[in-house]
Amino acid sequence: MYAESVNTPEKFWGRQARELLDWRRPFKRVLSWKLPHAKWFEGGRINVSENCLDRHLKTARANKAAIIFEGEPGDVRTLTYRQLHQEVCRMASALEGLGLVRGDRAAIYMPMVPEAAIAMLACARLGVIHTVIFGGFSSEAIKDRVNDCQARVIITADGGWRRGRIVELKVNVDKAVQATPSVERVIVLKRTGQEVAMDPARDVWWHDLVAGQPASHAPKAFDSENPLYILYTSGSTGKPKGVLHTSAGYLLATVLTMKYVFDLKESDVYFCTADVGWVTGHSYVVYGPLAAGATILMYEGAPNHPEPDRFWQLVDRHSVTILYTAPTAIRAFMRWGDAYPARHSLASLRLLGSVGEPINPEAWMWYYTVIGKKRCPIVDTWWQTETGAIMVTPIPGITPLKPGSCAIPFFGVVPKVLDENGKDVPRGSGGRLFLAKPWPSMLRTLWGDDERFMKQYWSELPGYYFAGDGARFDKDGYLWVVGRIDDVLNVSGHRIGTAEVESAIVSHHSVAEAAVIGRPDDLKGQALVCFVTLKNDVEPSVALKEEIRAHVAREIGALARPDDVRFAAGLPKTRSGKIMRRILKEIAAGGAVKGDTTTLEDFTVVAMLQAEE
Ligand code: WT7
């Protein structure tokens with residue numbers, strides 16, 4: 001199948017698309033590729049929500065659980081495919097009633113509750129482009145994203161539960177909408193139940209909005225390339241990129257990977273621990289699993305609430321068979337100790353997955369032995385927000401596993417590890433990771449910025465997609481992804497642009513200049529270290545460090561709170577004024593400054609930085 005997928009891709013993808021998706025009108029052409037723009041399945045018409053819901057109602061899946069939900073306080077709710085369909089229909093009719101039409105944008109800022117998926121699917125049903133904003137982001141982040149895509153509505157909740165406390169989602173939205181003129185209505189789900197301010201002209205409760213709406217809604221057919229969603233992700237500038245995904249190709253790649261990477265069976269209970277605010281939550285909590293007719297376990301809260309065995313309790317309570325989580329979570333479980341998983345049998349598990357960053361072999365072995373009891377294969381899946389679906393992965397039961405390697409390319413994927421001149425590096429040597437062929441779930445552009453799309457992904461080496469990662473192939477052709485080689489950090493599996501954090505820091509009135517780097521961290525993968533020079537009249541103090549950390553959390557969200565703030569009299573720069581981050585990294589890691597420093601403008605800066613810590 002792999003050979004067919006790369007030798008005659010149109011034949012392969014055409015057949016998969018006919019077999020795995022329900023079309024309202026068959027496509028005429030599998031692929032038109034005019035670099036950097038791809039069109040997949042032109043001429044075809046399809047509705048993504050219909051593929052995730054309606055088509056299952058004609059089968060035995062109608063009364064199968066689509067979503068088993070457990071809230072952090074322990075409340076459990078199950079929605080069958082029929083019930084989920086009804087809820088989506090009600091919401092779709094309600095959104096239509098607000099005047100939303102195909103191509104409009106809607107922002108979703110919600111806790112991990114079924115209504116988050118319902119909101120996404122209702123948008124998809126109408127051809128409304130959703131942008132999900134992770135519930136951990138600040139009001140500033142909401143404002144920037146909503147303004148960038150000019151969303152007409154925001155769908156949110158009063159709050160969500162996290163470690164026994166309420167995350168004040170509505171409060172954050174209220175702050176954001178003071179500066180988002182495009183927003184006409186805010187829809188508010190009652191989840192946590194505390195008092196929230198409601199502006200009668202703008203805000204409407206979810207339950208009032210859907211009350212009396214019909215439980216059926218005829219889905220319209222849209223072009224294969226109709227935009228499905230925008231998802232903002234960090235890049236190497238201060239401004240997040242609005243990655244645009246479209247309909248048919250995206251859905252096909254997510255279902256196909258559900259089928260082969262997760263080896264999905266009708267009786268599986270599938271638990272992907274990602275939040276819907278990230279791409280994993282889009283492709284492997286909502287679209288892929290539902291289009292494949294899976295039963296999904298959705299959990300609202302923290303993995304260590306009320307105790308660090310919550311995930312293992314969830315696995316036993318709901319008989320989870322497939323668990324898909326992140327290395328940073330696995331390392332935290334390791335640290336919390338084997339006693340917690342030991343409280344539960346975990347006997348239902350048959351397959352484990354990992355995503356988000358390289359998994360260190362030690363964490364892999366722990367996951368394999370302590371959680372999988374040496375029974376369950378681990379699929380280490382490499383992909384990105386931009387790729388939409390899993391690109392490099394073992395196929396469980398078929399591909400021999402190597403702890404720490406994401407193994408071999410999935411169907412249709414041709415990865416290349418290349419040097420500065422675009423030449424293949426020999427096996428065993430490191431280089432930059434590229435993809436040599438278009439794929440159905442590839443991002444189509446960056447919202448409103450086609451130029452940046454071209455520059456960021458397709459200009460490094462003409463004809464190849466630049467992933468931004470460093471990697472190597474070993475002698476068996478297995479891929480080892482080392483990590484980002486651009487100015488993007490991976491902190492606990494969250495992608496954070498150094499430039500975003502730098503611009504948040506310099507917006508503080510005491511700060512003159514800042515440079516942000518990643519320092520290797522056992523738990524988080526990378527820790528965020530900030531070198532800060534203060535304005536002339538400002539005295540450094542411990543209190544000010546704390547204030548700067550809190551300031552960044554306010555500006556971006558708690559996930560970007562710096563681990564370490566260091567004051568510096570000056571930053572190491574080249575003569576042309578470029579900050580030499582390599583030197584800062586070496587200092588942060590506690591080592592000597594090695595390598596070439598001849599381009600440094602001022603040598604004394606380095607000595608001062610080292611003396612300061
Ligand atoms: C970056 C993409 C894909 C969904 C979650 C993250 C890193 C992701 C792996 C893996 C090594 C990985 C890469 C990539 N990454 N999975 N299995 N092995 N590295 O999505 O926020 O778009 O981040 O995550 O560096 O470029 P994202």
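This is a predicted model: local features need pLDDT of at least 70, side-chain atom pairs count only at pLDDT 80 or more; totals for chains, interfaces and linings use all residues.
**Ground rules.** I number residues from 1 along each chain as its sequence is written, and my side-chain values use heavy atoms, with hydrogens and water left out.

**Entry 1, the seven-stranded sheet.** I took helices (H or I, at least four residues) and strands (E, at least two) as DSSP runs numbered from the N terminus, and I called two strands paired if DSSP finds at least two bridges between them. On that basis I found an open sheet of seven strands with mixed pairing, in the order β5-β4-β17-β16-β18-β19-β20. Its edges are β5 (76-80) and β20 (378-381), each of which pairs on one side only. Inside the sheet, I followed β16 (residues 269-272), which runs parallel to β17 (residues 295-299) and is joined to it by three bridges; Phe271 has Leu297 in β17 as its bridge partner. I then noted that helix α11 (residues 279-291) packs on this sheet, touching β4, β16, β17, β18 and β19, with its direction at about 160 degrees to that of β16. Contact here means heavy atoms within 4.5 Å, and the axes are lines fitted to C-alpha atoms, for helices over the stretch in contact, with angles from 0 to 180 degrees between N-to-C directions.

**Entry 2, the four-stranded sheet.** I found a further open sheet, antiparallel, in the order β21-β22-β24-β25. Because β21 (415-418) and β25 (479-484) each have a single partner strand, one side of each is left without a neighbour in the sheet. Five bridges join β22 (residues 430-435) to the antiparallel β24 (residues 465-473), and Gly430 stands opposite Arg472 in β24.

**Entry 3, strand β29.** I counted eight of the ten residues of β29 (residues 525-534) as buried, that is, under 20% relative accessible area with a 1.4 Å probe and protein chains only. A hairpin of three residues connects β28 to β29, and ten bridges join these antiparallel strands, with Arg519 partnered by Ala527. β29 also runs parallel to β30 (residues 564-567) through four bridges, where Val532 is partnered by Phe567.

Conventions:
Buried means under 20% relative accessible area, exposed over 50%, partly exposed in between (1.4 Å probe, protein chains only).
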